[in-house]
Amino acid sequence: MTKKLIVVGENIHCTRIYKVGGNFARKLDDGRYGVIYGGKSDSRTLIIPEPFQKTADWANGKIKHCAVAVWQGMYGSEADKAAAIDYLQFLAARQEASDASFLDLNVDEFSTDIEERCRAIRWVAQVVQAKSRLPLSIDSSNPAILKAGLEACDQSRARPMVNSVSLERQEAIAVAATFKAVVIASAAGEKDLPSNTEQRLANIARLMPMLRAAGLTDEAIYVDPLVFPIATDSNNAQSFLESVTAIRREYGARIHVSGGLSNVSFGMPNRKLINQVFTWMAVEAGADSGILDPLQMNSKILSAVDTTTEPFGLAKALLTGEDLFGADYIMAHREGRLGGE
Amino acid sequence: MSAVLEQIKENLMKGKANDVKALVQQALNEKIGAADILNKGLLAGMGVIGERFKKNEVYVPEVLIAARAMKSGMEILKPALAAAKVEPRGVVVIGTVKGDLHDIGKNLVGMMLEGGGFKVVDAGINVEPAKFIELAKQNNASLIGASALLTTTMTNMKEVVDAVKASELAGKVKVMIGGAPVTQAFCDEIGADGYAADAASAADLARKLAK
């Protein structure tokens, strides 16, 4: 059976990390360090500038590769800037080819200077739109950055997305309305994050009239009940899934139900497997969208999920809470029974 | 080293709360000193877990159950520690700063600090600078640990640093910071005393700062 999943492609984030010394970031023959991309047949390099080699991340063997591209685009030489554009366009094209519906852009952790981040989001938006026809999703906790990103969105394509609005971030609703954007509507409360299904539904019920008042219809609302890691509480996945079902029942077939599904696997081994099985379970529960890596999960991969394998069963038991503290799952990982990372 | 201390350490690392509890009682029955039970049994086990966590050899749920086992052991050990006048390494007030509702990272840091021998006072989420100060005073803390997950809220860490500097705690209580968007450069910029990139490093940093 073919299943349909609206993927908000989350790969262009300044938080994304590669391991230094791995396949995607390493020392080059000339002694400099670079981000390697393009695949074996067409391998290309984006130079990692000096300032990045003085960070705590670097000392821990990690590099924020999208942040490197943004830095080179804004401050690098002409050659490095060209490589930065090429890299971001490569990431955009790859997600479009993998059936993403939106390209989610996040530069929040690029710097602490708000003006600099506004310039960064505008630049990234323009660069990826020159390559991909997909609408953008502007992802920020800061309304000024949401606005800067939306201003840079090409009006002639499908409506852009605001990621996200919530009771905690009500000012973002007006920003979305101004730019005729669709919204990720999260279940965050004003003063705390929901810890069970009832609180999620109550927060959404209070948020919904505000969205309607701003002119947002069902088709423009992607409800996000909020995903928390299974690693810290064995009920976390189940309570998200229950909320998905309840939202679908309450608000009908036309509204979208989405979420940052990859959050669920934080702190666990073989995250890709958990993310895939969790997405499958979310769609079963009534979700039609996810903020995800489309290379890991899209309609095609979802439709081909084999629910009879041992890894699927182990990940499902972890997510239902049956495998308490993931003891069986982690043991299977150590014994090499989950398949490749 | 006594066999029972080694067993406490091993069982704590496996997260066997009931066994750790029973073994601590057994060690007390064998007249082993409370400080030794704490340092060579419970804290030694958490130390290994912390190191393995840093190297990605153990995963979050395993840290969680080890910390839970340590708590169970501590319940039995507490009266003996008090009688022997064994003090914690120090008191740390932790919390997520004003405007920020995230607590997963902060909770992990709290567990690692307890595993490092500190008493932890958890101020929760969305914590005003004045609340950090108040709790630090009340509990005679030597450290404040402030967490933020958002670039919009991390700037509120400066308020915590400034509030400590402006209070009678200046020079006595140090402020350490952490959270996804936080960097050493930001720590230097706002004049905090230290930054840690992850929960296990936060416990190391606290030990350094509390000296």
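Student: Are helix 2 of chain B and helix 4 of chain B roughly parallel or roughly antiparallel to each other?

Tutor: This is a predicted model, in which local features need pLDDT of at least 70 and side-chain atom pairs count only at pLDDT 80 or more, while totals for chains, interfaces and linings use all residues. The axes of helix 2 (residues 17-29) and helix 4 of chain B cross at roughly 25° and come within 7 Å; axes are lines fitted to C-alpha atoms, for helices over the stretch in contact, and angles run from 0 to 180 degrees between N-to-C directions. Angles under 35 degrees count as roughly parallel, over 145 as roughly antiparallel, 65 to 115 as roughly perpendicular and the rest as oblique. Helix 2 of chain B and helix 4 of chain B are therefore roughly parallel.

Student: Which residues of helix 2 of chain B meet helix 4 of chain B?

Tutor: Residues are numbered from 1 along each chain as its sequence is written, with chains lettered from A and ligands numbered from 1 in the order written. Helices are DSSP runs (H or I, at least four residues; strands are E, at least two), numbered from the N terminus, and a contact needs C-beta atoms, placed from the backbone, within 7 Å. On the helix 4 side of chain B, the partners include B:Arg68, B:Ser72 and B:Ile76. The helix 2 residues are B:Ala17, B:Val20, B:Lys21, B:Val24, B:Gln25 and B:Leu28.

Student: Nice! How are helix 3 of chain B and helix 4 of chain B arranged, roughly parallel or roughly antiparallel?

Tutor: Helix 3 (residues 34-54) and helix 4 (residues 60-83) of chain B have axes 10 Å apart and pack at about 165°. That angle therefore makes helix 3 and helix 4 of chain B roughly antiparallel.

Student: How many nonpolar residues are in that contact of helix 3 with helix 4 of chain B?

Tutor: Ala, Val, Leu, Ile, Met, Phe, Trp, Tyr, Cys and Pro count as nonpolar, Asp, Glu, Lys and Arg as charged, and the others, Gly among them, as polar. B:Leu42, B:Met46 and B:Phe53 of helix 3 are among those that meet helix 4 of chain B. The contact has no charged residues, two polar ones, and a nonpolar count of 14.

Student: Which helix of chain B gives the most to the side of domain 1 that touches domain 2?

Tutor: Chain B is divided into domain 1 (3-83) and domain 2 (91-209), with bounds from an automatic or database domain assignment. Nine residues of each domain of chain B are in contact with the other. With six residues on the domain 1 side of chain B, the top contributor is helix 3.
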